[in-house]
Amino acid sequence: MAMTAADTTERFRSAVEKRDLAALDGLFTEDVRLFSPVKFTPFEGRPMVLGLFGVLLRTFEGFRYVGHLEGEALTSAEGAEVPSEVLLFRASVNGREIHGIDLLQFDEAGRIKEFTVMVRPMSAVQALGAAVLEGLAADGLVPDPAAG
């Protein structure tokens, strides 16, 4: 059953706010790509992206969405204009305040096919990058940098 972008966004927002990883599962396409502030190449595929969300949900402290915009925007992959929604958030990581946006871009069935996270300031990006890498390594999703 097709969802609208708005339905998906509402379900996504609710799942993140409740830290309910299982509820995120059906919201992404199989080949979803997530562009993060800390890595040039995207995280690709639903299992990897869900793994990343598992880390993010436990890394952010006091995470809350504070705004919502909708429209259309070009995707990074195909360069096609697709329905897109932006969720503005606030959180902290290791005591550093973060301002960020999640850009959600949808396929024809209303599932998220591209997800881009942008955060500021630079000190928060660095704290987030270190915490996420540590979490991904702990979960076996990337090689442990300390083991190298």
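1. Start with Thr 59: its side chain reaches the backbone oxygen of Val 55 at 2.7 Å. Bear in mind that this is a predicted model. Thr 59 belongs to helix α3, and at 11% relative accessibility it is buried, because the cut-off for that label is under 20%. Leaving aside residues up to four places away in sequence, Thr 59 touches Ser 92, Val 93, Leu 128 and Ala 131.

2. Next, the sheet. Six strands make up an open sheet with mixed pairing, in the order β2-β1-β6-β5-β4-β3. The edges are taken by β2 (43-44) and β3; each has a single partner strand, so one side of each has no neighbour in the sheet. As a reminder, strands of a sheet pair through backbone hydrogen bonds, either parallel or antiparallel.

3. You can find both senses of pairing here. Strand β1 (residues 28-35) runs parallel to β6, with 4 bridges between them, and Leu 34 stands opposite Phe 115 of β6. Strands β3 and β4, on the other hand, are antiparallel and share 11 bridges. One of the residues to look for there is Leu 74, whose bridge partner in β4 is Glu 81.

4. Stay with β3 and β4 for a moment. The two form a hairpin with 6 residues between them, and Gly 79 in the turn has a positive phi of about 70°. Glu 72 is also worth a look; this residue sits in strand β3. Not counting residues up to four places away in sequence, Glu 72 touches Glu 81, Val 82, Pro 83 and Ser 84. Its C-alpha atom is 9.7 Å from that of Phe 106, a residue 34 places away along the chain.

5. Helix α1 packs on it and touches β1, β3, β4, β5 (96-106) and β6; the directions of α1 and β3 make an angle of about 165°. Helix α4 (residues 122-138) lies across β2, β4, β5 and β6, and runs at about 70° to β5.

6. On to the aromatics, where the count is 9 pairs. Take Phe 12 and Phe 115: their ring centres are 5.3 Å apart and their planes stand at 55°, so this pair is classed as tilted. Phe 12 comes from helix α1 (residues 5-17) and Phe 115 from strand β6 (residues 112-120), so to speak a link between distant parts of the chain, 103 residues apart. Phe 12 and Phe 115 are both buried. Ring pairs also join Phe 12, Phe 28, Phe 53 and Phe 115 into a cluster.

7. What about Phe 60 and Phe 89? Their ring centres lie 5.7 Å apart with the planes at 65°, so the pair counts as edge-to-face. Phe 60 is in the loop between α3 (46-59) and β3 (61-74), while Phe 89 is in strand β4 (residues 81-93), so the pair ties together parts that are 29 residues apart in sequence. Phe 60 is buried at 8% relative accessible area, and Phe 89 is buried too, at 0%.

8. Finally, some backbone spots to check by eye. The peptide bond from Arg 120 to Pro 121 is cis, with omega near -10°; Pro 121 lies in the loop between β6 and α4. Arg 19 is not a glycine, yet has a positive phi of about 55°. You will find Arg 19 in the loop between α1 and α2 (21-24), partly exposed with a relative accessible area of 40%. Asn 94, also not a glycine, has a positive phi of about 50°. This residue lies in the loop between β4 and β5 and counts as exposed, at 59% relative accessibility.

Terms used:
Residues are numbered from 1 along each chain as its sequence is written. This is a predicted model: local features need pLDDT of at least 70, side-chain atom pairs count only at pLDDT 80 or more; totals for chains, interfaces and linings use all residues. Side-chain values use heavy atoms; hydrogens and water are left out. Rings of Phe, Tyr and Trp (its six-membered ring) pair if their centres lie within 6.5 Å; planes under 30 degrees apart count as stacked, over 60 as edge-to-face and the rest as tilted. Buried means under 20% relative accessible area, exposed over 50%, partly exposed in between (1.4 Å probe, protein chains only). Two strands pair if DSSP finds at least two bridges between them. Contact means heavy atoms within 4.5 Å. Axes are lines fitted to C-alpha atoms, for helices over the stretch in contact, and angles run from 0 to 180 degrees between N-to-C directions. A polar contact is a pair of N or O atoms within 3.5 Å; within protein, one must be able to donate a hydrogen and the other to accept it, and residues adjacent in sequence count only if both atoms are side-chain atoms.
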